[in-house]
Amino acid sequence: RAATIASEFTEQIRAHVSSYWSYPSVVRPGDEVAVTIRLVPTGEVVSVQLLKSSGNALLDSSVLQAVRKASPLPVPKDIRVFEKDFRNFTMKFRPENALW
């Protein structure tokens, strides 16, 4: 059950951040940015750090900015699931809707 909840909230967070994300027009197929996000139980973003750069500084910056703007993020009410899966976690972002 906890794994299902975690999976659902991971997708909610991804969708929520994506709604704030305006990535640069100059992106390449396969560009991917990985960030580490630290939250408090209310979903407020305490910090977001670049874990793996895409090699495109503008794209990297756009992801960091989107995560900050999207705060607070949707998080599970079950504190055990939050502590295990969302206090500190990593997410990867790809500009899926880019026109190649």
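Strand β1 (residues 33–39) pairs with β2 in the antiparallel sense over six bridges; two strands count as paired if DSSP finds at least two bridges between them. Across this pairing, Ile-37 stands opposite Val-48 in β2. The model is predicted: local features need pLDDT of at least 70, side-chain atom pairs count only at pLDDT 80 or more, and totals for chains, interfaces and linings use all residues. Residues are numbered from 1 along each chain as its sequence is written, and side-chain values use heavy atoms, leaving out hydrogens and water.

The open sheet has three strands in the order β2-β1-β3, with antiparallel pairing. Its edge strands, β2 and β3, each pair on one side only. Neighbouring strands are turned by 25° against each other on average, direction ignored. Helix α2 packs on the sheet and touches β1, β2 and β3, contact meaning heavy atoms within 4.5 Å. The direction of α2 makes about 160° with that of β2; axes are lines fitted to C-alpha atoms, for helices over the stretch in contact, and angles run from 0 to 180 degrees between N-to-C directions.

Helices (H or I, at least four residues) and strands (E, at least two) are DSSP runs numbered from the N terminus.

| Element | Residues |
|---|---|
| Helix α1 | 2–18 |
| Strand β1 | 33–39 |
| Strand β2 | 45–52 |
| Helix α2 | 57–70 |
| Strand β3 | 88–93 |
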